[in-house]
Amino acid sequence: MKEQLDQLKQFALESLQGVTDNDSLERLRVEILGRKGKMAELMKAMATLGDEDRKAAGAAANEIKAAIEGAFATVAGRVESAARSERLGREWIDVTEPTIGVRSGMGNLHPVTQVREDLEDLFSSMGFIVADGPELESEYYNFTALNIPATHPARDMQDTFYIEGHPDMVMRTHTSPVQIRSMQKYGVPLRAIVPGRCFRNEATDVRHEHTFHQLEGVVIDKGITLGHMKGVLETVAKHLYGSETQIRLRPKFYPFVEPGVNGEVTCFLCKGAGCRLCKKSGWLEVFGAGMIHPNVLREGGVDPDVYSGFAFGFGLTRLVMLKYGIDDIRHLEGGDLRFLKQF
Ligand code: FA5
């Protein structure tokens, strides 16, 4: 029996040497140590021995079984660590390798966004807050609160898009409604700008779009005059177009200001000499402005006997066109990358 046990141990150790993976290790374990394996057969045979022999054989069998199990554990460790190294080799990543595939190019900010952010910085440096208002606006804020009653012909100046089923809502035609909203929200004294999209039912051409950007400004305090307004507007014009730039204010009717002006800047192309772009006038129209009408102050909850203020509305899209010499406004909302990549 002792001899058979030694042979089994020998067989186990030799067989284990050739084992390189878990499957064959398991098969060998079943063959030698399994319930119906070689070791179990020897144990069964031991039952036929006499007492003395059985005792000696039992002790030897336990010793050999432990040795075989130890050998199996060693090989199991070896197989596992080989598998781990193989896995690591397969999963190795070269962090210096260039990314595979087509790189997407870097985009750039839309020219309107660039000029808007530039002006937000300029106005912030002068103590203005940057306010916001809804693009889908109530008829009340867009017209009525701005001193344009329902039957007033001034409504025709800004034909807009109405919303089906909501006769009292419009796509805002200008950023001026936020004048009132800001007065109501922040109170006075107030210094705010409102950049944003506006919409008009226009037959589009090189200077008119149905969707365009304005930049509204509103300043209210005690003792504010037209002189303050001119100073601010001149600062903006010089900031955008250079220190030689001048502005010209001429009377214009807007129901929400009194007096109202039409603001022009020196033509960037001819520097004021007169050319085709400025229709030989030397000036280009870029904003409307004026002293806020007392009725509008009242709508905003401000006492016109104590406070005065001015407001202005730049055609932001026009400012961009002038800055970059763009000859057709429709390029700006057209989404053509060949155009947009130039900025
Ligand atoms: C207004 O919209 C007034 N809310 C401006 C204002 C504000 C006046 C505060 C007084 C006080 P107007 O309709 O003129 O005014 O438009 C102002 C500017 O927006 C124009 O000078 C022009 O530069 C621009 N603009 C108007 N309509 C269009 C359009 N369809 N496409 C592109 N720009 C436009």
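Which of the 27 residues around the ligand come nearest? Select H174, S176, R200, E202 and Y254: these five come nearest. A residue counts as near a molecule if one of its heavy atoms lies within 4 Å of it.

Before going on, note that this is a predicted model, in which local features need pLDDT of at least 70, side-chain atom pairs count only at pLDDT 80 or more, and totals for chains, interfaces and linings use all residues. Residues are numbered from 1 along each chain as its sequence is written, and side-chain values use heavy atoms, with hydrogens and water left out.

**Stop 1: the ligand**

A polar side-chain atom of Y254 lies 2.8 Å from an oxygen atom of the ligand. Now show the backbone of E209. Here a backbone N or O atom lies 2.9 Å from a nitrogen atom of the ligand. The protein covers 96% of the 680 Å² of accessible area that the ligand has on its own. Such areas come from the Shrake-Rupley method with a 1.4 Å probe.

Colour the strands next. Strands (E, at least two residues) and helices (H or I, at least four) are DSSP runs, numbered from the N terminus. β6 (211-221), β9 and β10 (308-315) each supply at least two residues of the shell around the ligand. Which strand gives the most to this shell? It is β9, with five residues.

**Stop 2**

Select α7 (177-186). Are P177, V178, Q179, I180, S182 and M183 in this helix buried or exposed? They are buried. Buried means under 20% relative accessible area, exposed over 50%, and partly exposed in between (1.4 Å probe, protein chains only).

Step just past the helix to G187. This residue takes a positive phi of about 70 degrees. Then select V188 and P189. A cis peptide bond joins them, with omega about -5 degrees. P189 sits in the loop between α7 and β5 (190-199).

**Stop 3**

Go to E258 and P259. The peptide bond from E258 to P259 is cis, and omega is near -5 degrees. P259 lies in strand β8 (residues 257-266).

Follow the chain into the loop between β8 and β9 (283-292), where K271 lies. K271 has a positive phi of about 55 degrees although it is not a glycine. At 65% relative accessibility, K271 counts as exposed. K279 is in the loop between β8 and β9 too. Its phi is near 50 degrees, a positive value in a residue other than glycine. K279 counts as exposed, at 66% relative accessibility.

**Stop 2: R338**

Select R338 in helix α12 (residues 337-340). R338 is exposed, with a relative accessible area of 68%. Its side chain makes a polar contact with the side chain of D336 (2.8 Å). A polar contact is a pair of N or O atoms within 3.5 Å; within protein, one must be able to donate a hydrogen and the other to accept it, and residues adjacent in sequence count only if both atoms are side-chain atoms. For a distance check, pick R172. R338 and R172 are 166 residues apart in sequence and 30 Å apart in space, C-alpha to C-alpha.

**Last stop: zoom out**

Colour by domain. The protein is divided into domain 1 (2-91) and domain 2 (111-340). These bounds come from an automatic or database domain assignment. How far apart do the C-alpha centres of domain 1 and domain 2 lie? They lie 91 Å apart.
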